[in-house]
Amino acid sequence: MANKEITNKFGRLITAMVTPFDDKGEVDYAQAKKLALALVDSGSDGVLVSGTTGESPTIVWEEKSRLFAEIKDTVGSKGFVIAGTGDNCTADSIEFTREAEKTGVDGCLLVVPYYNKPNQEDLYQHFKAIAESTSLPCILYNVPSRTVVNLAAETVIKLSEIDNIIGIKEASGNLEQIARIVKGAREGFLVYSGNDSDTLLILSVGGYGVISVASHLVGRQIKKMIEDFLNGKTNEAAAMHRDMLPLVSSLFVVANPMPVKYAMNRIGFSVGKPRLPLVEPDEKSKAVIEETLKNYKIDLPL
């Protein structure tokens, strides 16, 4: 695939979708499909399935594969579906990515290997091996707060020369590093914000969009903020960004996705509780989330 074709395929607002569970803790596939459609209808260009927000560490492969297939079949041409297929084993990541490709998804997200503590050359070889095993567009995911290891700008720039590594979800919070990626990566390489609080800042240094958690609730508003910025309405975009920061903060009052799942349930869109080792937020955190929700118009159709 040419870079131009890939760039045109992926939109600027992707929701890192929660995985709904039923009362028994089983994946609720019907509710997952309903949620994916609701997210696309409320501003998202597509959804990321089985990322961190989707509780990927506690979802087994058979569940993931079914989610990929059924959500893509449901969303169809209305939006695209990115499959979270990376983990800390290169061989498993290759197998998962190849299997995901068979389900019809539009791309894959590959997280920096956690726990292993690879160096930069290790990371380059890991991602190169996965990308070479698939024809899917691949998005890297740098989240050192969870993986310990940071994917350096120089490594990302080198990886961007591989045709089907088309972008990165950057959640390091290091704007200098992100700016260096934007400047040094090949033309058409997409730099997504991985933190809702950084989205406008990353756009300002040439980033492309956001893979968002808050878009579960305020997707249309985030989409408008991005569009305002791109259309030169920087004051309006900045005001929207500032207005959404308290909501974003409340969604990370404890570890993601505990707060957003609680918020979804509170607004009337049932997604169940997290799977162990995660539980619902404590009472103090619940109060913070509930109080914050009162101040926002919710975009998600119920």
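## Cavity, pocket, core and salt bridges in a predicted model

Helix H11 contributes the most to the lining of the largest cavity, with 4 residues. Helices and strands here are DSSP runs (H or I, at least four residues, for helices; E, at least two, for strands), numbered from the N terminus. This is a predicted model, in which local features need pLDDT of at least 70 and side-chain atom pairs count only at pLDDT 80 or more, while totals for chains, interfaces and linings use all residues. Residues are numbered from 1 along each chain as its sequence is written, and side-chain values use heavy atoms, with hydrogens and water left out.

The protein chain has an average pLDDT (the predictor's confidence in each residue, from 0 to 100) of 96, and 97% of the residues score at least 70. Over residues 1-8 pLDDT stays under 50, and the model has 12 contacts beyond four places in sequence for them; a contact means heavy atoms within 4.5 Å. Where pLDDT is low, the predicted coordinates should not be read in detail.

**Cavity and pocket**

Both terms refer to a 1 Å grid over the protein atoms alone: a cavity is a set of points where a 1.4 Å probe fits but cannot get out, a pocket is an open set with protein on both sides within 12 Å along at least five of seven lines, and lining residues have an atom within 4 Å of a point. Grid points are joined across faces, edges and corners, and a volume is the space filled by probe spheres set on the points. The largest cavity has a volume of about 70 Å³, and its lining consists of Asp 196, Thr 199, Ala 214, Ile 222, Met 225, His 241, Met 244, Leu 245 and Val 248. H10 and helix H11 (234-250) are the elements that give two or more residues to this lining.

The largest pocket holds about 570 Å³ of space. Its lining comprises 28 residues, of which Thr 52, Glu 55, Ser 56, Pro 57 and Tyr 114 lie nearest the centre. At least two lining residues come from each of H3, S4 and helix H6 (144-147).

**The loop between S2 and H3**

Glu 55 lies in the loop between S2 and H3 and has a positive phi of about 60 degrees although it is not a glycine. With a relative accessible area of 3%, Glu 55 is buried; buried means under 20% relative accessible area, exposed over 50%, and partly exposed in between (1.4 Å probe, protein chains only). Ser 50 is placed in the loop between S2 and H3, and its phi is near 65 degrees, a positive value in a residue other than glycine. Ser 50 is buried, at 2% relative accessible area.

**Salt bridges**

The count comes to 15 salt bridges, each being a side-chain nitrogen of Lys or Arg within 4 Å of a carboxyl oxygen of Asp or Glu.

| Pair | N to O distance | Sequence separation |
|---|---|---|
| Lys 223 and Asp 45 | 3.0 Å | 178 residues |
| Glu 55 and Lys 261 | 2.8 Å | 206 residues |
| Lys 72 and Asp 106 | 2.8 Å | 34 residues |

Lys 223 is buried at 18% relative accessibility, whereas Asp 45 is partly exposed at 21%. Glu 55 and Lys 261 are both buried. Lys 72 counts as buried at 14%, and Asp 106 counts as buried at 10%. A network of salt bridges links Lys 33, Arg 66 and Glu 70.

**Nonpolar cores**

A nonpolar core is a set of buried Ala, Val, Leu, Ile, Met, Phe, Trp, Tyr and Cys residues joined through side-chain atoms within 4.5 Å. The largest has 79 residues, of which Leu 35, Ile 71, Phe 127, Ile 165 and Leu 217 touch the most other members. Helix H2 (residues 29-41) supplies the largest share of this core, 7 residues. Apart from it lies another core, of 17 residues, including Ile 14, Leu 48, Ala 171 and Tyr 192.

Val 213 is in the loop between strand S8 (209-212) and H10 and is buried, with a relative accessible area of 6%. Neighbours within four places in sequence aside, Val 213 is in contact with Thr 53, Asp 196, Phe 252, Asn 256 and Val 260. The peptide bond from Asn 256 to Pro 257 is cis, with omega near 10 degrees, and Pro 257 is in the loop between H11 and H12. The bond from Leu 276 to Pro 277 is cis, with omega near 20 degrees.
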